[in-house]
Amino acid sequence: MMVGGPLLILAAPLPHPPPIYCPVIVYRDYDLMFSYYAQFRLPRDCPTGGIARIRKSSTVSTKAQGNPYEPINPQSGAWEVYPNGIDTVPDTAQLTFNSWQWQYWDGLVWQSVEPR
């Protein structure tokens, strides 16, 4: 025998798991005199659902606080590279001068990437 209405259980939504950040492989494509066009891929061992967050930084400029490598576009933050070969890096940003460096986010700090 049921007393009252049906029991309604309200549960908080399950939290989303944190993203899985992977390193990125940067390939030098269309190598020019002082620059190259960058192409990005995730390594094969990047887990399913993993992404790479990348940014481009100048190796000749430093931040006001003396930290090395000023991000080229600090207002836009970082771009993402997905396992299917798609990325959010604008074509204009893929043109990379040799005095710039690509970096990926490992979940704690930015790590430099040596282009291949």
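A polar contact, as I use the term, is a pair of N or O atoms within 3.5 Å; within protein, one must be able to donate a hydrogen and the other to accept it, and residues adjacent in sequence count only if both atoms are side-chain atoms. The side chains of Gln94 and Tyr37 are joined by such a contact, at 2.6 Å. I will come back to that pair.

First, the ground rules. This is a predicted model, where local features need pLDDT of at least 70 and side-chain atom pairs count only at pLDDT 80 or more, while totals for chains, interfaces and linings use all residues. Residues are numbered from 1 along each chain as its sequence is written, and side-chain values use heavy atoms, with hydrogens and water left out.

Now the overall layout. The chain has one helix and eight strands; helices (H or I, at least four residues) and strands (E, at least two) are DSSP runs, numbered from the N terminus. In order from the N terminus, the elements read β-β-β-β-β-α-β-β-β. Of the 116 residues in the chain, 28% are buried. Buried means under 20% relative accessible area, exposed means over 50%, and partly exposed is in between, with a 1.4 Å probe and protein chains only. The accessible surface of the chain is about 8,200 Å², and 59% of that belongs to carbon and sulfur atoms. Those areas come from the Shrake-Rupley method with a 1.4 Å probe; for residues, only the protein chains shown count as cover.

On contacts, meaning heavy atoms within 4.5 Å: among those in the chain with a separation of 6 or more, 59% are between residues 24 or more positions apart.

Back to Gln94. Its place is in helix H1, residues 91-94. Is Gln94 buried or exposed? Gln94 counts as buried because its relative accessibility is 4%. Beyond its neighbours within four places in sequence, Gln94 is in contact with Tyr36, Tyr37, Ala38, Phe40, Asp87, Val89 and Trp102.

Rings of Phe, Tyr and Trp (its six-membered ring) pair if their centres lie within 6.5 Å; planes under 30 degrees apart count as stacked, over 60 as edge-to-face and the rest as tilted. By that rule there are five aromatic pairs. One of them is Phe40 with Trp102, edge-to-face at 4.8 Å centre to centre and 75° between the planes. Phe40 lies in strand E2 and Trp102 in strand E7, residues 100-105, so this pair ties together parts 62 residues apart in sequence. Both residues of the pair, Phe40 and Trp102, are buried. Phe97 and Trp100 make another edge-to-face pair, 4.8 Å centre to centre with 90° between the planes. Here Phe97 is partly exposed at 39% relative accessible area, and Trp100 is partly exposed at 22%. Ring pairs also link Phe40, Trp79 and Trp102 into a cluster.

Together with Met33 and Phe34, Phe97 makes a nonpolar surface patch of about 400 Å². Patches are made of residues with over 30% relative accessible area and no salt bridge; like charges are joined within 9 Å, and nonpolar side chains (Val, Leu, Ile, Met, Phe, Trp, Tyr) within 5 Å. Phe34 sits in the loop between strand E1 (25-29) and strand E2 (35-41), and counts as exposed at 60% relative accessibility.

Next, charges. How many salt bridges does the structure hold? It holds two, a salt bridge being a side-chain nitrogen of Lys or Arg within 4 Å of a carboxyl oxygen of Asp or Glu. Asp31 forms one with Arg28, the closest N and O atoms being 2.9 Å apart. Glu80 and Arg53 form a salt bridge at 3.3 Å, N to O. That pair links distant parts of the chain, with Glu80 in strand E5 (residues 79-81) and Arg53 in strand E3, 27 residues apart.

Strand E3, residues 52-62, also holds Ser57. Ser57 counts as buried, at 0% relative accessibility. Its side chain makes a polar contact of 3.1 Å with the side chain of Gln103.

Gln103 is also among the residues that Gln111 touches, along with Trp102, Tyr104 and Asp106, not counting residues up to four places away in sequence. Gln111 is in strand E8, residues 110-113, and is partly exposed at 29% relative accessible area. A 3.0 Å polar contact joins the side chains of Gln111 and Asp106.
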